[in-house]
Amino acid sequence: MISILALAGSIAVSDQPVYRIDMPGPGDYESWVVDHQYSAELGGPVQIIAEGANGAKVVQEWPDISMLDSNVDGRFTYVAHYPKSLEVRSFTISVGDIGVRYEPIAFEQQGSYILPLAGNAIISNGVFNNNGHGWIRSRFAYDFLGLSDTYGPMTDPEYRNENLAGFGMDVIAPADGKVVFIEDRVPDQVGGYDSATFTFPDGSQAYHGNNVIIDHGNGEFTSLMHLKFGSVVVAVGDTVVQGHKVGELGNSGDSYGPHLHVQLQHCGEPQACPSLPLTFANHGDEILEAGDFITYRPLPSE
Ligand SMILES: [Zn+2]
């Protein structure tokens with residue numbers, strides 16, 4: 001967390017990580033994601049300066065902070081896309097007179113993870129700017145739709161959970177670890193979306209539906225969401241081995257059809273800390289794209 005108590009006109013240097021990822025799609029671009037906090041009382045114009053390796057600068061300005069998207073309670077997420085040729089070395093974000101410089105601490109995934117489904121799939125939602133999730137907490141998440149052995153989405157044309165090829169597909173541990181959170185009380189959505197299905201009597205809501213979170217012991221956790229009601233086969237404190245079943249693909253929580261939402265994160269709680277870029281060792285170690293077909297590759301031991 002950086003201090004906002006900088007003197008007017010000064011520039012503080014943040015120790016927060018700035019996530020850099022190579023984006024899918026055409027163009028030789030890289031993207032940076034910065035979570036910026038500022039003094040909500042001061043407000044004012046916004047200036048963002050990206051400095052490249054060769055002294056080149058890209059300057060963007062807005063007349064008022066309120067014009068930036070995802071600007072809530074003195075915090076916004078700035079997502080920047082720059083040509084790789086710029087070789088961005090830092091950003092300075094100024095709101096009013098107060099600037100914060102972000103050094104390029106590019107994110108590096110610590111663990112080696114395998115795809116979390118024991119079956120074929122297609123990525124229906126990629127990362128934030130690839131048909132993906134807008135919230136900070138899920139911006140690098142993927143949604144997997146399970147497919148049949150012949151890559152079909154349904155086993156019968158009538159639309160119901162049981163006729164979706166992925167419903168009930170085994171969800172497996174992406175790497176060894178320890179289970180630190182489960183939710184298994186949420187019924188699957190049936191016949192349409194209803195938020196009452198994931199709202200508990202105390203008013204709290206389990207957007208994640210039935211959920212298993214695994215601590216991989218390296219500062220990284222994987223969160224596997226929307227699992228089928230009654231399918232979770234692990235408990236908090238259990239040790240899991242890469243490739244072993246933890247539950248089944250379902251349609252619980254904030255879900256509009258059977259799918260698996262997977263994200264990497266830095267904490268073991270649901271909906272509590274931002275997701276991180278995630279790649280899979282058995283799928284090219286690359287950011288997945290919406291529309292990617294996933295072919296199931298069993299572990300040699302299976
Ligand atoms: Zn999702």
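Reply: Let's go through the terms one by one.
This is a predicted model, where local features need pLDDT of at least 70 and side-chain atom pairs count only at pLDDT 80 or more, while totals for chains, interfaces and linings use all residues. Residues are numbered from 1 along each chain as its sequence is written.

Me: How do you know what pLDDT the chain averages?
Reply: pLDDT is the predictor's confidence in each residue, from 0 to 100. The chain averages 87 on that scale, and 92% of the residues score at least 70. Residues 1-8 are below 50.

Me: What makes domain 1 and domain 2 separate entries, and where do they run?
Reply: The bounds come from an automatic or database domain assignment. That assignment gives 11-102 for domain 1 and 120-294 for domain 2. Their centres, taken over C-alpha atoms, are 30 Å apart.

Me: Why is a set of residues called a nonpolar core?
Reply: The name is used because the set consists of buried Ala, Val, Leu, Ile, Met, Phe, Trp, Tyr and Cys residues joined through C-beta atoms within 7 Å. Buried means that 20 or more other C-beta atoms lie within 10 Å of the residue's own (exposed is 12 or fewer, partly exposed is in between; C-beta atoms are placed from the backbone). The largest core here has 44 residues, and Leu117, Phe144 and Val171 are among those with the most contacts inside it. A second, separate core has 16 residues, including Tyr38 and Phe91.

Me: What makes leucine 224 a contact of other residues, and which ones?
Reply: Two residues are in contact if their C-beta atoms, placed from the backbone, lie within 7 Å. Leaving aside neighbours within four places in sequence, leucine 224 has contacts that include Pro116, Val171, Val246 and Leu260.

Me: How do you know that β4 and β8 pair, and in which sense?
Reply: Strands (E, at least two residues) are DSSP runs numbered from the N terminus, as are helices (H or I, at least four). Two strands pair if DSSP finds at least two bridges between them. β4 and β8 have seven, in the antiparallel sense, so they count as paired. One of the bridges joins glutamine 47 to serine 94 in β8.

Me: Why are β1 and β5 said to stand at the edges?
Reply: The open sheet of five strands has the order β1-β9-β8-β4-β5. β1 and β5 each have a single partner strand, so one side of each is left without a neighbour in the sheet.
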